[in-house]
Amino acid sequence: MKGDWPYMVNYIFVGIDLGDKNSVARIAVNRGKTERMGFVNDRRGRARLFEQLRRRAEKVDEGQIVMAYEASSCGFILSDEAKARGIRCWVLAPTKLEKSVEQRKHKNDERDADDVLEKLRAHVLAGNRLPTVWIPDVQMRDDRELVRSRVELVEKQTRLKTQIQMLIKRHGLEKPSGCGVGWTTRHRQWLNALTESDALGGGTRAALQSLLRQLGFLEAEIERMEKPIHQLAQQPRHQPIIDELTQEHGVGLMTAMVYRTEIGHAGRFRRGRRVGKFVGLTPTSHESGQQQDRKGHISRQGPPRLRKMLCQASWVHVQRDPQAKRFYQQLVARNPKKKKIAIVAVMRRLAVRLWHRMRAAELRMAAMMP
């Protein structure tokens, strides 16, 4: 089977396009042609895939299975199951995979699986760079679920409030004076009164009643989530880091928890500058031939929920931290019309400062371990 194959190991390469239900695997031995295998992305379907790969490995001398797939909302279950069977598995970062115009225009599951397989083969045989994602442990994934659920509830609440405001605006109604700014008690009383007022039609009143009920449910659910979030923050694996992060002006418990769970382990970044890139706060660039390097919008890669929390924290950070305020004002003075660019720079600066704090806390925790 080896023939003139120069390696001591025969590799069974597996590139997978993992879907929510149906998935496609492309399989090749060494430099051979690829073959297709479809499977359902459930426990039974993945077991069938691993059994098929085991049989193929038994047919070749020193057969070793290596596989890869792109990260998605399906999580890391396939990677966990592969590693439990002694199979090397890489999870690739979709945002870092270079694809040609033709690949983007003619996209399908088999081509995507083939593309993953070729990148995996080039990495194993030629040492080419493989853009992988960091895989958090099971405990960190579980912690993320709680924090992300809390963040999503607040996002739903914000969207619902906007719906209510636009419904009122479409019918030419304005909040009476004396209701205060924001969603005060008087403002809510006025909204509840509108559900029984002749100022709105029957259908609009019913729609407003529904939106207010949904808002009440979300507010109650957010309040229920407060206790488990605080309990999680007090766990020994988080508390020293959260205590350190919240020392920064503008960084509260939720911002610290989002930063902690999304970054996971500060030690995985060699320098703070890489954190800004991970969060998606570094500018894109374009350089061609004699043309100078031009900077564009931020990349927006990485977790959007973390960027949102950093944005909210940065506005308070600018108000309360003298150095941050001076830094922001200097940037605005250069171009008063570019305040958004200035606050993005503050966000990136804050993300790096938090990384330094988190890294220091991790080192102290490691030193205290027996």
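In this predicted model, Ile12 stands opposite Val29 of strand E2. The pairing to which this position belongs joins strand E1 (residues 10-17) with E2 in the antiparallel sense, over 6 bridges. A hairpin of 4 residues leads from E1 to E2.

Strand E2 spans residues 22-29 and is mostly covered, with 6 of its 8 residues buried. E2 is also joined by 6 bridges to strand E3 (residues 35-40), and these two strands run antiparallel. Across this second pairing, Arg26 stands opposite Arg36 in E3. The hairpin of E2 and E3 has 5 residues between the strands, and Asn30 in that hairpin takes a positive phi near 55°.

The helical part of the model can be described through two packed pairs. Two packed helices are described by the angle between their axes and the distance between the axes. Helix H9 (residues 253-263) packs against helix H11 (residues 304-320) at an angle of about 145°, the axes lying 10 Å apart. Their crossing is left-handed. On the H9 side the contact is made by Met254, Thr255, Val258, Tyr259, Glu262 and Ile263, which meet Arg305, Leu306, Met309, Leu310 and Ala313 of H11. By class, the residues of this contact comprise 8 nonpolar, 1 polar and 2 charged.

Helix H12 (residues 322-334) and helix H13 (residues 339-368) have axes that come within 9 Å and cross at roughly 145°. H12 passes H13 in a right-handed crossing. From H12, Gln323, Ala324, Phe327, Tyr328, Leu331 and Val332 meet a set of H13 residues that includes Lys339, Ala342, Ile343 and Arg353. This contact divides into 9 nonpolar, 1 polar and 3 charged residues.

Helix H13 also holds Ile341. Ile341 is classed as exposed because its relative accessible area is 53%, above the 50% cut-off. The C-alpha atoms of Ile341 and His297 are 9.3 Å apart, although the two residues are separated by 44 positions in sequence.

His187, in helix H6 (residues 185-194), has a relative accessibility of 6% and therefore counts as buried. Beyond its neighbours within four places in sequence, His187 is in contact with Lys175, Cys179 and Gly182.

The structure holds 22 salt bridges, among them the following.

| Salt bridge | N to O distance |
|---|---|
| Glu226 and Arg150 | 2.7 Å |
| Glu219 and Arg188 | 2.5 Å |
| Glu248 and Arg357 | 2.9 Å |

Glu226 and Arg150 form a salt bridge that links distant parts of the chain, with Glu226 in helix H7 (residues 202-233) and Arg150 in helix H5 (residues 138-170), 76 residues apart. Glu226 counts as partly exposed because its relative accessibility is 26%, whereas Arg150, at 12%, is buried.

The salt bridge of Glu219 with Arg188 connects helix H7 to helix H6 across 31 residues of sequence. Glu219 is partly exposed, with a relative accessible area of 23%; Arg188 is likewise partly exposed, at 26%.

Glu248 is bridged to Arg357, and this pair spans 109 residues, from the loop between helix H8 (239-245) and H9 to helix H13. Both Glu248 and Arg357 are buried. These two residues belong to a network of salt bridges that links Glu244, Glu248, Arg353, Arg357 and Arg364. Arg353, a member of that network, is also among the H13 residues that meet H12.

Note on methods. Residues are numbered from 1 along each chain as its sequence is written. This is a predicted model: local features need pLDDT of at least 70, side-chain atom pairs count only at pLDDT 80 or more; totals for chains, interfaces and linings use all residues. Side-chain values use heavy atoms; hydrogens and water are left out. Axes are lines fitted to C-alpha atoms, for helices over the stretch in contact, and angles run from 0 to 180 degrees between N-to-C directions. A crossing is left-handed if the near helix is turned anticlockwise from the far one by less than a right angle, and right-handed if clockwise. Contact means heavy atoms within 4.5 Å. Ala, Val, Leu, Ile, Met, Phe, Trp, Tyr, Cys and Pro count as nonpolar, Asp, Glu, Lys and Arg as charged, and the others, Gly among them, as polar. Buried means under 20% relative accessible area, exposed over 50%, partly exposed in between (1.4 Å probe, protein chains only). Two strands pair if DSSP finds at least two bridges between them. A salt bridge is a side-chain nitrogen of Lys or Arg within 4 Å of a carboxyl oxygen of Asp or Glu.
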